[in-house]
Amino acid sequence: MRITLMIPCLVEDCLPEIGLAVVSVLERLGVGVDHPRVQTCCGQMAWKTGDVARARALALRSLELFAGPAPVVCPSGSCAKMLRTYPELFAPGTPDHARALDLAGRVFEFCEFVLSLPGAPDIGAEWNVRAALHRSCQMDGSDAPQRLLSAVRGLTLLEPERPERCCGFGGLFSLQFPAVSESLLEDKAHELLALDPEILVSAEPSCLMNISGYLARLGRPVRPLHAAQALDHGLDLGLQGALTGALTGGPTWR
Amino acid sequence: MEINPRDFREQSEKACHDATLRAVLDHATRYFQAKRGAALETFADRETHFARARAARLAALSRLPELLEQLEQTATAAGTRVHWAADAAQAREIITGIAQDCGAKVVVKGKSMVTEEIALNPALEAAGMEVWETDLGEFIVQLAGEPPSHIIAPCIHKSRADVAALFRAKLGLLGLSGLDGLPGQENLSDAASIPELTLLARKALREKFLAADLGVTGVNIAVAETGSVILVENEGNIRMSTTCPPVHVAVMSLEKVAATLEDAADILRVLPRSATGQKMSSYVSVLTGPRRPNEQDGARETHLVILDNGRSEVLAEPILREALLCFRCGACLNSCPVYQTIGGHAYGSVYSGPIGALLSSLLLPAQDTRDLPFGCTLCGACKRTCPLGIDHPRLMLRLRERVCQSSGTGLAGAAHSFLALHPLFYRLAVGAARAVDPNLDLLPRLPGFPGLANFVDTRQPPELKKPFSAQLLRLRKKQARTKKPHTNKGDA
């Protein structure tokens, strides 16, 4: 099986290690990965500021980039959601609308996709670690990250008091309403820190950036990992266990 | 207290720094959510009940003109005088006219958001009448000279001590010697218990009910089939407002109609559970016309004011009309992380929280409300909570689109979209930024986003790294050389 990889702009230039972990996990699970170039922005930013015309122009670019029957996998709940929103940007009955519907039907958030593979949720990962999960409201209530991480042997999955509560990022919101955004982030950070985690895991890179940036400023850095990075490292350790260290190598998230 | 949604951003930022307000809101919204959760547990199949309530509301919206005409006929037949108000000014004029016709000096009011919307109290006071809010929470905010800060809990922002201080200052009240209601010797203390405060308000309000010439209430549901007005409450003050004074005026916004009593029942099964976490509110009044000749109580004269105030236009909007499904349970406020943090007053209008941002944007002048749909992280907690299935985030986005159409996205948004549409320039721009400022130290000085300085002040920004696509290419070359099927872990 081959998939087409959709890489969020934040991952492309600021968190490339997330993308590499995605490729690593998928290939080790026997999935071929194609990464069409050049990807820029899915249009989420324009869409969320109400700029529908520009969101539509960017959606058309994505429709070209991600044409073809392969599933599209994206390591971000919010970008995956944006791709699923494309049909709303075109008039029903038009060819673009049909293409948008087709794409929306084969978009998977990374965790959802891994969960659909044979053998999941136990993909052979292993990691003795206390992991705090931030579910991210952008995942639209999907429990795929919880299910995958729960199946990692040795991993203690910790969830904050209000697991579904927003971390306060909200893209432009964090710039337009900085004090409100910071207040929400403060609540979130304290609920997470109360779990005394060793790592912070989320399937949403922007939430991860928001929360870990705040924890760093607080002087309480907890290593932030995308679910793909946690699974990738878990696979490393699982393999090491299986092959008694024959395939050693540093964890990819380092 | 003058409030205006134009100041929403400023007010919300200010509210965040009020630690007491945040603590009170945190406590109250958690309490409401816990009660609601427990009440919904009593449903064997909540989704079915939610769907039936939604169906009743949808049926009303889809047949609105017809149902309102039927309501006029049935209510008139039951002896109620029906008035149509196109806007707030006309509604105020109608109600002031009724009050003057019956020579009213004292007016008592049941809690009603729609009379807040039309700013009725100042109009009646200007006509020389004494107006008393009789809902405990509304009474408290009235004494404080503030608008309500929550749809169903108007003084949610006030602590017990706040209320004691207010009663002492405004009513000159002595505390009670005990809960027998006899006055004590000491001034009311900040530590006064809630039952004590409630009793004091009850005593003060009882006199107003007996003196009132006119009672004004809102409407939870108006039944087209029977011409009845249904009111739900817990304090009994609404029932007293409709029965003590000789004249009762019910004010409804036009979407509050239900086709049948059956539909009303479907709504009532969900409304109190979602609002206050009760299977049914303590009082449900179904009022059909004035007192009959052989009856002991009830108003002698009943009026129903049906208010449009912009709603007909909203009804014609394909996506936004969904906001009119709302029956004001207030659950979305309690679930909203932004509301939980800033409270209701920051929104600067009668309706607050997620549904308030939507309704105010739809009903008030566009130039005053442009920030409202942006004060939302689109987290969807409201949508998940709403028993009627209103998709608040989708409506927020539609409102943002409207704002954008009238004033554009600004330079930064335009620049970003231009670059994203031109991949070569995009890569050049990011490459240049990485060369000049890999740690994004210059980020706060980027024009167009004044909030960036604050953002990097509180959060360490990410760095610009070697792009993923370049790293992947290198990996692929390496894989081709070694023909290994998966990534070389040491590479990343």
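Predicted model: local features only at pLDDT ≥ 70, side-chain atom pairs only at ≥ 80, totals over all residues.
# Exercises on a two-chain model

The crossing of helix 2 of chain A with helix 23 of chain B is right-handed.

**Exercise 1.** Determine how helix 2 of chain A and helix 23 of chain B are oriented to each other, and identify the residues that make their contact.

*Solution.* 
- Step 1. Two packed helices are described by the angle between their axes and the distance between the axes.
- Step 2. Here the axes of helix 2 (residues 16–28) of chain A and helix 23 (residues 468–482) of chain B come within 9 Å and cross at roughly 40°.
- Step 3. Angles under 35 degrees count as roughly parallel and those from 65 to 115 as roughly perpendicular. The two helices are therefore oblique to each other.
- Step 4. On helix 2 of chain A the contact is made by A:Pro16, A:Gly19, A:Leu20 and A:Val23, and on helix 23 of chain B by B:Phe468, B:Gln471 and B:Leu472.
- Step 5. Sorted by class, these are five nonpolar, two polar and no charged residues.

**Exercise 2.** Describe the whole contact between the chains, with attention to the side that belongs to chain B.

*Solution.* 
- Step 1. Chain B contributes 57 residues and chain A contributes 58 residues.
- Step 2. Elements giving two or more residues to the chain B side include helix 1 (8–16), helix 15 (337–342), helix 19 (392–407) and helix 23 of chain B.
- Step 3. The class count for that side is 28 nonpolar, 19 polar and 10 charged residues.

**Exercise 3.** Characterise the fold of chain B, and then its six-stranded sheet.

*Solution.* 
- Step 1. The secondary structure of chain B comprises 23 helices and 12 strands. Its C-alpha trace spans about 100 × 60 × 45 Å along the principal axes.
- Step 2. Of the 492 residues of chain B, 48% count as buried. Among contacts in chain B with a separation of 6 or more, 74% join residues 24 or more positions apart.
- Step 3. Six strands of chain B form an open sheet with parallel pairing, in the order 1-12-9-6-2-3. Strand 1 (81–85) and strand 3 (130–133) of chain B are the edge strands, each pairing on one side only.
- Step 4. Neighbouring strands of this sheet are turned by 20° against each other on average, direction ignored.
- Step 5. Within the sheet, strand 6 (residues 214–217) and strand 9 (residues 247–253) of chain B run parallel and are joined by four bridges. The bridge partner of B:Thr217 in strand 9 of chain B is B:Ala250.
- Step 6. Helix 10 (residues 194–211) of chain B packs on the sheet and touches strand 2 (106–109) and strand 3 of chain B. The direction of helix 10 makes about 120° with that of strand 2 of chain B.

Methods:
Residues numbered from 1 in each chain as written. Chains lettered and ligands numbered in written order. Axes fitted to C-alpha atoms, helices over the stretch in contact; angles between N-to-C directions. Parallel < 35°, antiparallel > 145°, perpendicular 65-115°, else oblique. Left-handed = near helix turned anticlockwise from the far one by under 90°. Contact = placed C-beta atoms within 7 Å. Nonpolar A, V, L, I, M, F, W, Y, C, P; charged D, E, K, R; others polar. Buried ≥ 20, exposed ≤ 12 C-beta atoms within 10 Å, placed from the backbone. Pairing = 2+ DSSP bridges.
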